[in-house]
Amino acid sequence: MSSKKRRIAFVIHDLNGWGGQDRSTLEVARRLSHRYPVSLVCYTWEDPNGAHAWGDLRVYRIKPDPRKPALLRAIWFFFATLPVLFIDPLLKGEPRPLILATGACSLFSDVIQVQWVSRTWQELKKKLPLHVYSPPFATEGGIASWIRSAYHHFLLAFNVLVERWVLRPSKTYIAISHSVAQELEKYFKIKERVHVVYHAVDSTLFCPADDKTMSDRTHLRDKFGINSQDVVGIFVGAYDRKGLAVTLDAMARMNPTLRKNFKLLAIGSGGGDAFIKRAQNLKLGESVIVLGHSREIHRYYRAADFFVLPTLYEPFGLVITEAMASGLAPVVAAISGAAELIENGKSGILLQNPESSDELARVLEKMTHQSDLRKKMGEAALAKTQSMSWDQAAEGYAQVLEPLVRRKA
């Protein structure tokens, strides 16, 4: 066998600069490529920094890429990656790479970066009433809605089954929060070889508005008819799972005098029209602005006054730390992984029951009324993220991977 240095193969469906887990894997892989030979095994790869930002890099694009249905895409990826991971190195006279998979996207992996646990989400959904967990098709009715619902349940059950096969105690794990590490122990009896490495944040992109970027704030607020007296809360992410329905219900319960000066800016995905209709039914009028997904979320943070995310399940929540780095006080569910970085009442407010619109309504009233509180919390949140660089996160990965890379394949 060749004495060539063993490669690290990052295995993930999509690698880009805007998705949560995709972006975090991209940032870490790019930095580690200057320390180790790195292979990317993925359907799609797009780095805003360009290929020149990488070190020793080899890219394997899996084709064809069946975008839908998700089930077919996952199954095809399992088998299409095998020649790349096992046969190609043999033909090149290289040792088998150290396989670092994001979640259970590969049936064969040495290290798993755990950013989501389907079993946890499955258990949570069993307890959630429909008015809280409200996927966009849930209230449509009819056979089409039933089929879509049945498919989503089947897809989740499939993911849980794959996790049961893939997540084994013999492997090494990098969990993105202590809550994820606890889920590994609870559902899979995995306690050893679990290392917690938090996501980081790009503080050059996500930062408070200054003289150079204040135009973003002014332009966006003018665009959406937000005046200088209005207080803007920003919601970012999947509308159903991350609690947009609860947020709208909470707004409807706010004191009317305070509510007239509060605006909600929602940016994400998952049936925006259904939530616009919900806002209309709650008589929230122009107080709610529902937009689609954006790759320039940092600009929208500058238009806001605080961040709100009563998420029902969030292993970490990269959008939370990015909002904090933008100087926004976070109002988030205490169950979210990033909540481990927030001191309740000082650098943000942690919602003890993300299903409670009454609890959130009281918090929204407080954040709308108390500008000094927003400012102090925003400053404390910003300070917390100052040391959370991607270089630091990559170093955390390197400490886990170094002894494994040195082993013979």
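The buried residues of helix α6 pack against β7 (111-114), α4 (118-127), α5 (142-166), β8 (172-175) and β9 (194-196). Contact here means heavy atoms within 4.5 Å. Helix α6 itself spans residues 178-188. Its buried residues are Ser179, Val180, Ala181, Glu183, Leu184, Tyr187 and Phe188. Buried means under 20% relative accessible area, exposed over 50%, and partly exposed in between, with a 1.4 Å probe and protein chains only. An α-helix has 3.6 residues a turn, so residues three or four places apart point the same way. Just after α6, Lys189 adopts a positive phi of about 60 degrees.

This is a predicted model, where local features need pLDDT of at least 70 and side-chain atom pairs count only at pLDDT 80 or more, while totals for chains, interfaces and linings use all residues. Residues are numbered from 1 along each chain as its sequence is written, and side-chain values use heavy atoms, leaving out hydrogens and water. Helices (H or I, at least four residues) and strands (E, at least two) are DSSP runs, numbered from the N terminus.

Turn next to the aromatic rings. The structure holds 12 aromatic pairs. Rings of Phe, Tyr and Trp (its six-membered ring) pair if their centres lie within 6.5 Å; planes under 30 degrees apart count as stacked, over 60 as edge-to-face and the rest as tilted. Trp121 and Tyr313 make a stacked pair, 6.4 Å centre to centre with 15 degrees between the planes. The two sit 192 residues apart: Trp121 in helix α4, Tyr313 in the loop between β13 (306-309) and α12 (318-325). Both Trp121 and Tyr313 are buried.

Tyr198 and Phe316 form a tilted pair, 6.0 Å centre to centre and 45 degrees between the planes. This pair also links distant parts of the chain. Tyr198 lies in the loop between β9 and α7 (214-223), and Phe316 in the loop between β13 and α12. Tyr198 is partly exposed, at 24% relative accessible area. Phe316 counts as buried, at 1%.

Last, a helix pair. Helix α8 (residues 244-252) packs with helix α10 (residues 272-281) at an angle of about 15 degrees, their axes 10 Å apart. The two are therefore roughly parallel, a term for angles under 35 degrees. Leu244, Ala245, Leu248 and Asp249 in α8 meet Phe275, Arg278 and Ala279 in α10. Those contact residues divide into five nonpolar, no polar and two charged.

How values were computed: Axes fitted to C-alpha atoms, helices over the stretch in contact; angles between N-to-C directions. Parallel < 35°, antiparallel > 145°, perpendicular 65-115°, else oblique. Nonpolar A, V, L, I, M, F, W, Y, C, P; charged D, E, K, R; others polar.
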